[in-house]
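Subject: Structure for your review

Dear colleague,

Please find the structure below, together with its sequence. I would be grateful if you would read the notes that follow with the model open.

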Amino acid sequence: MKTLILGGTREARELAHIASGERGFEIVSSLAGRVRDPLLPEGPVRIGGFGGVDGLRNWLVANEVTVVIDATHPFAGTISANASSAATDLGLPLLHVRRPGWREQPGDRWHRAPDLDAAARAVSELGDRVFLTIGRQGVAAFAGLTDQWFLIRAIDPPTGALPPQHELLLARGPFSPADELRLLIQYRIDVLVTKDSGGDQTAAKLAAARSAGIPVVVVDRPELPPTAIVAETVSDAWKWLRDIAAPRS
Ligand code: NAP
């Protein structure tokens, strides 16, 4: 049984690690190739886009893939939709691995935004010194905010237009709540912007914002198709994969 794991996340690496060690499972992981120095999963890895749905479908056929696991980041909406189309066309089982989103807690001052443009509009009302933690992509949505100053944190430098007043901080999590709070104080941040990525790797900034009493603009996730099969944890995903394999072994 040959499984393609669409990756770029910790969950994808963990699943590749578990499945690679098991007899009867042939795993190949796929990365988009956006990060200069990616954390590589165990086992075979291919890197780079497939060329849309057609390219992905062709690749799945050429490589005799029988199962697809979309363990990409919750905000990687295009590749998730492509995986859904290609798997449906070929009649392949497809699982989406999606860690749960973050939950607002007492003391939080969250403002939900349906997308990055809405987040930029919210920021213009909420603060002057912005901690922008949405990753490398999508920063251009904030480029028109000329009155605000931005601390932009990403693993690699952002692409596209940037807000005129900014400082770039290149760093990869996990981060501790104490360090996040120190950043907020050092840069006199009065509003935080984040995607609702979920997970514990980058959640410390939310605790820090709570301690500092500052508002947080939380960007909602793109939706999966209503018929999607979803696992919230790596162990549930592994159970699904074993169940798929069971009748064939
Ligand atoms: P996206 O917008 O959904 O995808 C854009 C294009 O990138 C896709 O059409 C596909 O190109 C290619 N692609 C994306 N993921 C791929 C993968 N795992 N393997 C091969 N090609 C892939 O994705 P994105 O938001 O740019 O994210 C790119 C990668 O970074 C993903 O692997 C994701 O897990 C990871 N990541 C994303 C975020 C985020 O906030 N978006 C955060 C952390 C990690 P083709 O159409 O040519 O196939």
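This is a predicted model: local features need pLDDT of at least 70, side-chain atom pairs count only at pLDDT 80 or more; totals for chains, interfaces and linings use all residues.

Residues are numbered from 1 along each chain as its sequence is written, and side-chain values use heavy atoms, with hydrogens and water left out.

Helix packing

Helices (H or I, at least four residues) and strands (E, at least two) are DSSP runs, numbered from the N terminus. Axes are lines fitted to C-alpha atoms, for helices over the stretch in contact, and angles run from 0 to 180 degrees between N-to-C directions. Contact means heavy atoms within 4.5 Å.

The axes of helix 1 (residues 10-20) and helix 7 (residues 234-245) cross at roughly 45 degrees and come within 10 Å. Helix 1 is therefore oblique to helix 7 (angles under 35 degrees count as roughly parallel, over 145 as roughly antiparallel, 65 to 115 as roughly perpendicular and the rest as oblique). The crossing of these two helices is right-handed (a crossing is left-handed if the near helix is turned anticlockwise from the far one by less than a right angle, and right-handed if clockwise). On the helix 1 side, Glu11, Glu14, Leu15, Ile18 and Ala19 meet Val234, Ala237, Trp238 and Leu241 of helix 7.

The axes of helix 5 (177-186) and helix 6 (residues 204-212) come within 8 Å and cross at roughly 55 degrees. That angle makes helix 5 oblique to helix 6, and their crossing is right-handed. Here Pro177, Glu180, Leu181 and Leu184 of helix 5 meet Ala204, Lys205, Ala208, Ala209, Ser211 and Ala212 of helix 6.

Within helix 6, the buried residues are Ala204, Lys205, Leu206, Ala208 and Ala209. Buried means under 20% relative accessible area, exposed over 50%, and partly exposed in between (1.4 Å probe, protein chains only). The cover over these buried residues includes helix 5, strand 6 (110-113), strand 7, strand 8, strand 10 (191-195) and strand 11 (216-219). Gly213, which follows helix 6, has a positive phi near 70 degrees.

Aromatic rings

Rings of Phe, Tyr and Trp (its six-membered ring) pair if their centres lie within 6.5 Å; planes under 30 degrees apart count as stacked, over 60 as edge-to-face and the rest as tilted. By this rule there are four aromatic pairs. One of them joins Phe142 and Phe150 edge-to-face, with 6.1 Å from centre to centre and 70 degrees between the planes. Phe142 and Phe150 are both buried.

A charge sits over a ring if NZ of Lys or CZ of Arg is within 6 Å of the ring centre and within 35 degrees of the ring normal. The charged end of Arg153 sits over the ring of Phe175, 3.7 Å from its centre. Arg129 lies over the face of Trp149, at 4.3 Å from the ring centre.

Single residues

Arg129 belongs to strand 7. Leaving out residues up to four places away in sequence, Arg129 touches Trp149, Tyr187, Arg188, Ile189, Asp190 and Val191. Arg129 and Tyr187 are 58 residues apart along the chain, with 7.9 Å between their C-alpha atoms.

Leu145 lies in the loop between strand 7 (129-133) and strand 8 (149-154). Its relative accessible area is 13%, so Leu145 is buried. Apart from neighbours within four places in sequence, Leu145 is in contact with Ala120, Val123, Ser124, Phe150, Pro163 and Pro164.

Backbone

Most residues other than glycine have a negative phi, and most peptide bonds are trans. Which peptide bond is cis, with omega near 5 degrees? It is the bond from Gly173 to Pro174, and Pro174 is placed in the loop between strand 9 (166-170) and helix 5.

Glu64 is not a glycine, yet has a positive phi of about 55 degrees. Glu64 is in the loop between helix 2 and strand 4, and counts as exposed because its relative accessibility is 62%. Arg188, also not a glycine, has a positive phi of about 50 degrees. Arg188 is in the loop between helix 5 and strand 10, and its relative accessibility of 56% makes Arg188 exposed.

Yours sincerely
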